[in-house]
Amino acid sequence: MPTPDTAPALPDAATCEQARLSRDARFDGLFFTAVSSTGIYCRPTCPAPAPRPRNVHYYANAAAAEAAGYRPCLRCRPELSPADGAWRRGDETVARALKLIDQGFLAGQPLSALAARVHVGERQLRRLFVDRLGAPPIGVHGTRRLLFAKQLLTETALPITEVALAAGFGSLRRFNTTFLDAYGMAPRDLRKREPASGGATLSLRLHYRPPYDFAAMLDFLRGRALPGVEIVDDRSYLRVVGDGASPGWLRASARPGEHALSLELHGIAPAALLDVVERVRRMFDLDADPRSIGDVLARDARLRPLVRKRPGLRLPSGWDGFEIAVRAVVGQQVSVAAARTITTRLAERFGTPLPDAFAALGLRHLFPTADTLADADFAGIGLTAARAATVRTMARALVDGVVDFRADRTLDDNVARWSALPGIGPWTAQYIALRALGHPDALPAEDLVLQKQLARDGERPGAKALRTHAEAWRPWRGYAVIHLWRDAALASNDIGKPATSTRQRSPRRAKA
């Protein structure tokens, strides 16, 4: 089975041609169509009249098209395309480097530092990018910044100076020059062509490849929503973000008639916008390729009907890694309802209160930081002494850098680091990887619900047997987990509550 570093970076020419002519949204972001007669590159869904085949060239990503001298189409707007999730997920070198680039690593670090973080030489990293993606890391980083700036210029009324800051440019002059060189027009000229409405709340479109089961995503998140920190209804997800000095909020909801979510942002500093957008994309798994994931999972007889029934099921991640880790520890051996109650009390007691202006939205406090909980007294909130000690130990380990949520770590590295902490077993470590990092191959094999879902003739497999069975699901084991949890929840009429709400042994003591 191909891994992300060896899988083809571009669908074959016949597939690209068919997808382009049919404007197949399932291929949006998996390739781009460049037209030599116009010097423009487009999404495969572009509504413009189809160019002559002899003028068409296909590129795996926007950076490769721009490296070849093409400019983005103003009509289909390539900046709205979802990223190719196969190249930004998992543990391969290119995937880990891309995750760091998406976090803005190259904005303040040289290429040599990026290469060191993923444990390869600078020359080798550049070669891998050119071979797999058609553009070097710096080119990918530069295209990412410019396309985000283009989206802000088109969809918001942010001053151009703030757009430059949001896109990671240190000066307005450099931004203007770079934009003009790349796109043949100054930022102000694009804004004249595409005037946007103003207001204190920004609204951006975040596209995905269909199908996408947003209702199932909201069901999952609603079962764990912490009152005062986040609000989930049947249409949207709302939460507070930022810190006590400058809190803001975001709301994600579906856009009717489009393969996109609408993201509202309020009180977010321009310099933080790109990071917020990337975190929302990860949280709602907007860059997944359901077709590729489904092809792998459907080989399993148990998963095949689930994938066919719910092809748009995505991996629901979390906004903040520490918040998810605390929930995972609190939720050991208790129901989701009980875990939610205890975690809500913890957030109310130790979280930073919000200004009164947030009360109208139902938001009252930020989730507490690791510094706050490292020495906290949890008496009276319903947390057992053992799990209270684990939360403190985990918070201290984060403060001291013993564990982290770094995107460039492999799944095995993350699990090993977290499992080394007292009170954190393999189930909890894998769950953190699944929901805090959105790792597509995370597998909490000790989960009793997963084992029951795979039972045969009344015999459920142990963790070791489940891992062996799940080898065929790689590199998308995490999606199999979500499918099985969702199926168990629907079967028990427990929609909105993940199947892991079932009482189970402590992950530390779960038998293989």
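## Two assigned domains

The domain assignment of the protein chain gives domain 1, which covers 1–81, and domain 2, which covers 91–196. The model described here is a predicted one, and in it the C-alpha centres of domain 1 and domain 2 lie 19 Å apart.

## The interface between domain 1 and domain 2

The size of an interface is often given as the accessible area lost when the parts come together. For domain 1 and domain 2 the area buried between them is about 1700 Å², with 57% of it on carbon and sulfur atoms. In terms of residues, 19 of domain 1 are in contact with 23 of domain 2.

Two salt bridges are counted between domain 1 and domain 2, and the side chains of Arg77 and Glu155 also meet in a salt bridge, at 3.2 Å from N to O. Across the interface of the two domains there are five residue pairs in polar contact, both residues of each pair being at pLDDT 80 or more. On the side of domain 1 that touches domain 2, the elements giving two or more residues are helix 2 (62–67) and strand 4 (71–72), and helix 2 provides the largest share, with five residues. By class, this side of domain 1 is made up of twelve nonpolar, two polar and five charged residues.

Strands of a sheet pair through backbone hydrogen bonds, either parallel or antiparallel. In this model an open sheet of four strands has the order 3-1-2-4, and its pairing is mixed. Strand 3 (56–59) and strand 4 are the edge strands, each of them pairing on one side only.

Strand 4, which also gives residues to the side of domain 1 that touches domain 2, pairs with strand 2 (residues 40–42) in the parallel sense over two bridges. Within this part of the sheet, Ile40 stands opposite Arg71 in strand 4.

## Backbone features in loops

Most residues other than glycine have a negative phi, and most peptide bonds are trans. Arg77, whose side chain meets that of Glu155 in a salt bridge, has a positive phi near 55 degrees, and Arg77 is found in the loop between strand 4 and helix 3 (93–102).

One joins Pro210 and Pro211, with omega about 0 degrees, and Pro211 lies in the loop between strand 5 (201–207) and helix 10 (214–222). A cis peptide bond also joins Arg474 and Pro475, with omega about 5 degrees, and the place of Pro475 is in the loop between helix 21 (463–470) and helix 22 (477–491).

How values were computed. Residues are numbered from 1 along each chain as its sequence is written. This is a predicted model: local features need pLDDT of at least 70, side-chain atom pairs count only at pLDDT 80 or more; totals for chains, interfaces and linings use all residues. Side-chain values use heavy atoms; hydrogens and water are left out. Domain bounds come from an automatic or database domain assignment. Contact means heavy atoms within 4.5 Å. Buried area is the accessible area (1.4 Å probe) that two parts lose on being put together, summed over both. A salt bridge is a side-chain nitrogen of Lys or Arg within 4 Å of a carboxyl oxygen of Asp or Glu. A polar contact is a pair of N or O atoms within 3.5 Å; within protein, one must be able to donate a hydrogen and the other to accept it, and residues adjacent in sequence count only if both atoms are side-chain atoms. Ala, Val, Leu, Ile, Met, Phe, Trp, Tyr, Cys and Pro count as nonpolar, Asp, Glu, Lys and Arg as charged, and the others, Gly among them, as polar. Two strands pair if DSSP finds at least two bridges between them.
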